[in-house]
Amino acid sequence: MSALDAFPITRKWPALHPDRIQLYSLPTPNGVKVSIMLEETGLPYEAHRVSFDAQDQFSPEFLSLSPNNKIPAILDPAGPDGKPLGLFESGAILVYLASKTGALLPADAAGRFETLQWLMFQMGGIGPMFGQLGFFHKFAGKDYEDKRPRDRYAAESSRLLGVLDQRLQDRQWVMGDAYTIADIAIFPWVRNLVGFYEAGGLVGFERFANVKRVLDAFVARPAVARGLTIPSA
């Protein structure tokens with residue numbers, strides 16, 4: 001019997017390696033934040049696919065760990081004080097994994113809080129706005145005759161890209177020379193906006209040369225390339 005057996009989610013997704021972090025996710029912008037972080041840090045983990053087609057996110061087992069029915073979520077058998085810990089919300093998971101490993105989050109207080117502010121910038125701005133734009137441009141919203149909602153989210157997404165582009169002026173990454181969880185949070189969403197959502201033209205992406213430069217550097221990282229495909233189909 002492992003320490004994870006007390007968590008109902010393991011009944012639906014049994015842990016083959018209960019000594020490893022268990023990841024419940026899909027390769028969406030929020031989901032790959034955590035798989036990329038795990039790949040970057042080298043923490044041993046086991047990935048489980050939460051199928052939206054099968055509505056796995058609404059199953060009692062998944063809701064027992066992620067009551068907001070959103071991916072990703074994790075179970076760490078070796079959490080604080082050696083006790084298992086379950087977490088949902090991708091931003092919280094990034095902070096936890098950075099704290100656990102001492103990686104990708106500055107150790108000094110000022111650098112740490114500055115990084116966290118850019119993490120919140122993604123969670124409160126980029127994620128919600130880019131997601132709404134994707135709905136109105138690519139999914140069911142594209143059939144709406146009234147284009148004002150789409151245009152509103154396109155304008156706000158463009159504004160946010162401008163904020164990010166200014167931040168990246170003369171910087172290699174969001175925090176300067178140091179690659180951090182701020183980059184891991186932000187750039188999967190930028191990639192999705194211009195790739196999967198096909199909204200680059202709507203937001204005038206070609207105007208944001210600094211964002212494009214850092215996006216190219218981000219996707220060229222081997223750990224990012226691996227993390228973007230996890231969990232596999």
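## Domains and their interface

The chain of this predicted model is divided into domain 1, covering 8-103, and domain 2, covering 109-224. Between the C-alpha centres of domain 1 and domain 2 there is a distance of 24 Å, and the contact between them involves 14 residues of domain 1 and 16 residues of domain 2.

The size of an interface is often given as the accessible area lost when the parts come together. For domain 1 and domain 2 the buried area is about 1200 Å², with 72% of it coming from carbon and sulfur atoms. On the side of domain 1, the residues that lose the most area to domain 2 are Pro29, Ile36 and Glu40, which together account for 43% of what that side buries.

## Helix α4 against helix α7

Helix α4 (residues 90-101) and helix α7 (residues 181-194) have axes that come within 10 Å of each other and cross at roughly 150 degrees. Because angles over 145 degrees count as roughly antiparallel, α4 is roughly antiparallel to α7. The crossing in which α4 passes α7 is right-handed.

In this contact, α4 contributes Leu94, Val95 and Ala98, which meet Ile181, Ile184 and Ala185 of α7. By residue class, the contact of α4 with α7 consists of 6 nonpolar residues, with no polar and no charged ones.

## Helix α7 against helix α9

Helix α7 also packs with helix α9 (residues 209-219), at an angle of about 105 degrees and with the axes 10 Å apart. The two helices, α7 and α9, are therefore roughly perpendicular to each other. From α7 the contact draws on Asp183, Ile184, Phe187, Pro188, Val190, Arg191 and Val194, while α9 supplies Val211, Val214, Leu215, Phe218 and Val219. The residues of this contact of α7 with α9 divide into 10 nonpolar, no polar and 2 charged.

Ile184 takes part in both helix contacts, being listed among the α7 residues that meet α4 and among the α7 residues in the contact with α9.

## Backbone features

Most residues other than glycine have a negative phi, and most peptide bonds are trans. Against that background, the model has a cis peptide bond from isoleucine 71 to proline 72, with omega near 5 degrees, and proline 72 is found in the loop between α3 (60-65) and β3 (73-76). Isoleucine 230 and proline 231 are likewise joined by a cis peptide bond, for which omega is about -5 degrees, and proline 231 is placed in the segment after α10 (222-227).

Glutamate 89, although not a glycine, has a positive phi of about 80 degrees. This glutamate 89 lies in the loop between β4 (85-88) and α4, the helix that spans residues 90-101 and whose axis crosses that of α7.

Conventions: Residues are numbered from 1 along each chain as its sequence is written. This is a predicted model: local features need pLDDT of at least 70, side-chain atom pairs count only at pLDDT 80 or more; totals for chains, interfaces and linings use all residues. Side-chain values use heavy atoms; hydrogens and water are left out. Axes are lines fitted to C-alpha atoms, for helices over the stretch in contact, and angles run from 0 to 180 degrees between N-to-C directions. Helices (H or I, at least four residues) and strands (E, at least two) are DSSP runs, numbered from the N terminus. Angles under 35 degrees count as roughly parallel, over 145 as roughly antiparallel, 65 to 115 as roughly perpendicular and the rest as oblique. A crossing is left-handed if the near helix is turned anticlockwise from the far one by less than a right angle, and right-handed if clockwise. Contact means heavy atoms within 4.5 Å. Ala, Val, Leu, Ile, Met, Phe, Trp, Tyr, Cys and Pro count as nonpolar, Asp, Glu, Lys and Arg as charged, and the others, Gly among them, as polar. Domain bounds come from an automatic or database domain assignment. Buried area is the accessible area (1.4 Å probe) that two parts lose on being put together, summed over both.
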